Every structure is written in structure tokens, then in C-alpha cells.
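Trainee: Please take me through one residue closely. Then show me where it sits in the whole.

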Amino acid sequence: MDHYICTGTCGAVSSEPGLCQNRECPNYGQQLTVCSCTDDRHGMSRNDEEYRKLDEEEEL
Ligand SMILES: [Zn+2]
Ligand SMILES: [Zn+2]
């Protein structure tokens, strides 16, 4: 199901279109970006490697 995310640092997620509401976020007042991910990572690869490392460490 599509949802809307802030691409700034606040990590806001909304089920409806809107604006970033976090004044400390660099994207404050900017439109949220539509996202259709199903894994709650919102298509961001920034943390993928860290997640993978954690997963591997847990398995070991
Ligand atoms: Zn934001
Ligand atoms: Zn998403």
C-alpha cells in the first residue's frame, strides 16, 4: 500500500499526502514523497548495509 515519507532526516511516514511537520528536519514544509515499499525501509539503501551486517552477526 502506498504511503508518504519525508526524505529529510525526520523519518516521517504518513498514510496520506502532506508536508513534513518537523521543524528540525531539512525538509520541513516540503511535500512528502510517495513510497510503495513493503519492508518499511522506504526504498532507502543508506542503511541496507548496516542492516545486513547486523543480520549476519546475529546469525553467527
Ligand atoms: Zn522531514
Ligand atoms: Zn516506504
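Mentor: Take N27. Leaving aside its neighbours within four places in sequence, N27 is in contact with C6, T7, G8 and C20. Contact here means that two C-beta atoms, placed from the backbone, lie within 7 Å. This is a predicted model: local features need pLDDT of at least 70, side-chain atom pairs count only at pLDDT 80 or more, and totals for chains, interfaces and linings use all residues. Residues are numbered from 1 along each chain as its sequence is written, while chains are lettered from A and ligands numbered from 1 in the order in which they are written.

Stay with N27 and C6. They are 21 residues apart along the chain, and their C-alpha atoms are separated by 7.1 Å. Buried residues make up 5% of the 60 residues in the protein.

Now the surroundings. N27 lies in the loop between β2 and β3. Strands (E, at least two residues) and helices (H or I, at least four) are DSSP runs, numbered from the N terminus. The protein has three strands and one helix, in the order β-β-β-α from the N terminus.

The strands form an open sheet, ordered β2-β1-β3, with antiparallel pairing. Strands β2 (13-14) and β3 (33-35) stand at the edges with a single partner strand each, so one side of each has no neighbour in the sheet. Pairing requires at least two DSSP bridges between two strands. Strand β1 (residues 3-5) and β3 have three bridges. Y4 has V34 of β3 as its bridge partner.

Follow the chain on to C37. C37 lies in the loop between β3 and α1. With 12 C-beta neighbours inside 10 Å, C37 counts as exposed. C37 touches H42 and G43, not counting residues up to four places away in sequence. The C-alpha atoms of C37 and H3 are separated by 8.3 Å, though the two are 34 residues apart along the chain.

Last, confidence. pLDDT is the predictor's confidence in each residue, from 0 to 100. The protein averages 84, and 72% of the residues score at least 70. Among the elements, β1 has the highest mean pLDDT (96) and helix α1 (residues 48-59) the lowest (61). Where pLDDT is low, the predicted coordinates should not be read in detail.

Note on methods. Buried ≥ 20, exposed ≤ 12 C-beta atoms within 10 Å, placed from the backbone.
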